[in-house]
Amino acid sequence: MQKVTLICVGKLKERFYAEAASEYVKRLGRYCKLTVMELPEERLPENPSQAQIDGALEKEAAAIRGRLPSSARLIALCVEGRERSSEDLARLMETWAGRGESQLVFLIGGSYGLHESIKARAAEKLSMSPMTFPHHLARVMLLEQIYRACQINAGTRYHK
């Protein structure tokens, strides 16, 4: 069974996001060993300077690096990532599993994204859309897409 870790910078505060995420975590239990890790987002003033943003991203990157298993395939969600269909994600996950890559780490950064060093380390960069979404919603969307990929690979009727 493939191990999937979702590392998120920032905590889910709104109950409706937490409930939706929890539902997909429950559903995924049949298909993979899922772990969701929340790392704290660095606090910044209302109008931070670029230097303050860079410093916060570096601190978040250090926390992320501390949680990355060395043998895991890192998939970072970022605006410059490649958009993929649900079928593409399913094929990728199946390919990785077939190569013996038994541990996947999906990463969602905080409000200001991810530090360049983390993006450079990622084996794959994904983008949900050219649109902007709240990071909390992106977590739910990613969990749903991982679930959908598992359903596609299992040959179920979930994906129509």
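Start by selecting helix H3, which has 13 residues and reaches 18 Å from its first C-alpha to its last, close to the 18 Å expected at 1.5 Å a residue. That expected span is 1.5 Å times one less than the number of residues. Helices (H or I, at least four residues) and strands (E, at least two) are DSSP runs, numbered from the N terminus.

A quick word on what you're looking at: this is a predicted model, where local features need pLDDT of at least 70, side-chain atom pairs count only at pLDDT 80 or more, and totals for chains, interfaces and linings use all residues. Residues are numbered from 1 along each chain as its sequence is written, and side-chain values use heavy atoms, with hydrogens and water left out.

Back to H3: show the side chains of Ser86, Leu89, Ala90, Leu92, Met93 and Trp96, its buried residues. Buried means under 20% relative accessible area, exposed over 50%, and partly exposed in between (1.4 Å probe, protein chains only). These residues cover an arc of only 160 degrees around the axis, so they sit on the same side of H3. The arc is taken from the directions from the helix axis to the C-beta atoms. They pack against S3, S4, S5 and H5; contact here means heavy atoms within 4.5 Å.

Now zoom in on Ser86, in helix H3 (residues 86-98). Ser86 counts as buried because its relative accessibility is 13%. Its side chain makes a polar contact with the side chain of Gln145 (2.6 Å). A polar contact is a pair of N or O atoms within 3.5 Å; within protein, one must be able to donate a hydrogen and the other to accept it, and residues adjacent in sequence count only if both atoms are side-chain atoms.

Next, color the open sheet of five strands, ordered S2-S1-S4-S3-S5 with parallel pairing. Two strands pair if DSSP finds at least two bridges between them. At the edges are strand S2 (33-39) and strand S5 (124-127), each pairing on one side only. Further in, five bridges join strand S3 (residues 73-83) to strand S4 (residues 103-108), and Ala76 stands opposite Leu107 in S4.

Last stop: Lys125 in strand S5. Is Lys125 buried or partly exposed? With a relative accessible area of 32%, Lys125 is partly exposed. Leaving aside neighbours within four places in sequence, Lys125 is in contact with Ala76, Cys78, Gly81, Arg82 and Lys119.
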